[in-house]
Every structure is written in structure tokens, then in C-alpha cells.
Amino acid sequence: DYWKDRYEAGGHSGDGSYNQLAEIKAETLNTFVSENRITSVIEYGCGDGNQLSLAQYPKYIGFDVSPNAVTRCLKCFSDDETKTFELMEAYGGETAELVLSLDVIYHLVEDTVFVDYMNRLFDSSERFVVIYSSNTDDNPEGIAAHVRHRNCSKWINSHKAEWKLIKHIPNKYPFNDDTKSGSFADFCIYSKA
């Protein structure tokens, strides 16, 4: 898979985990965690840890498909006992009050991978799920091979009806043909009904 290969080659998380895009995500998530008194967080797709370095989470488990990404995070946060990291294949039924998916869903190009990911995302949450992704089925010609936009809200309404969208936060920096300064992802925050 594209992202696993990129990590194994020594790459980093995408542009969305750096600069102003990372800062706006951290501000939004840290405020949400504080206001809702969240005590535990799981993230599927922890990447290289740069986004996490801006986070203020009491207890955190980060999962990723890439051994290199997990190794990077273990090294980067070796002195932080509030954070643990595992490969996705090592998932053992852990749950948390808040479960995060940041800049991951539009990279799940295979249908079976998408469905498995979405089920785990919601099934492992005790209270809230925060998705930062595009939310459309529009995939124009010429789109990168490792990108497939999906209408997440439509899938959630059909398959996870007990979850309700409580907040949609449009991106402060909409995509403008430059992935370093803008993103096609918005925040969608779901709560268990």
C-alpha cells in the first residue's frame, strides 16, 4: 500500500501533519478533549508523530500499518508514559472515550480496507469519534492513485445509525492546489446516541 511503502522508505506523514494544518487540528482537538473531559484517546493512523507532538491527551494509543511509523513514535515519545504505539495488526480490542481518524480515510482506496477501518473506528469508541477527511464520492479524473474520496457520513448513517453527527467544522484552510497550505478535509464529530 502507498503509505506503508512511503514510511518504509523513510518518509514522513503527509503535509496535513505539519505547519498551519497541524496547528488548526491540534487547536480543535485539544479544545474538544478539554471541554469534554476526555481521559483516553485512540488514533488509527498515528503516522510519524508530528501531529501528536502538538496534542494534549491524558492517555493515548496510536496504531499504524507501518512498522517504521510505530518505531519513529516509540523513539520520539520514549519518555512519555501516557502514550503507547502498536501496529494495526496488533489491535486487541482496546477502547477509548475518543477515537480519531485524521487524514486517513481518503487513502483507503480498497473497499474492504475502508469497511474494516470504519467498523473498528466506531466499535472501539466509548463516547466520540472525530474524523478529519473529505466527505464526498466525487473522485475527479487525474486524482492521485493513493487518494479515493468517500462520503463518510453516508456510510455512517447506513451502517452506524446509533452514532450522530454533533458537529461539522469546515476547514479553516480549504484546498487550493497546494497540500502544504490547504486541505480538502473537514472535521466531523460523532457522538454515540
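Trainee: What share of the residues in the chain is buried?
Mentor: Buried residues are 46% of the 193 in the chain. Buried means under 20% relative accessible area (1.4 Å probe, protein chains only). Keep in mind that this is a predicted model, where local features need pLDDT of at least 70, side-chain atom pairs count only at pLDDT 80 or more, and totals for chains, interfaces and linings use all residues. Residues are numbered from 1 along each chain as its sequence is written, and side-chain values use heavy atoms, leaving out hydrogens and water.

Trainee: How many helices and strands are there?
Mentor: Five helices and seven strands. These are DSSP runs numbered from the N terminus: helices are H or I with at least four residues, strands E with at least two. Their order from the N terminus is α-α-β-β-α-β-β-α-β-α-β-β.

Trainee: Which residues touch the most others in the largest nonpolar core?
Mentor: Y57, F85, L98, L100 and V130, out of 26 residues. A nonpolar core is a set of buried Ala, Val, Leu, Ile, Met, Phe, Trp, Tyr and Cys residues joined through side-chain atoms within 4.5 Å.

Trainee: And which element gives the most to this core?
Mentor: That's α2, with four residues.

Trainee: What does L98 touch?
Mentor: Setting aside residues up to four places away in sequence, its partners include F32, I42 and F128. Contact means heavy atoms within 4.5 Å.

Trainee: Which residues are in the second core?
Mentor: That separate core has 24 residues, including F63, V99, F114 and C152.

Methods
Buried < 20%, exposed > 50% of the residue type's maximum accessible area, 1.4 Å probe, protein only.
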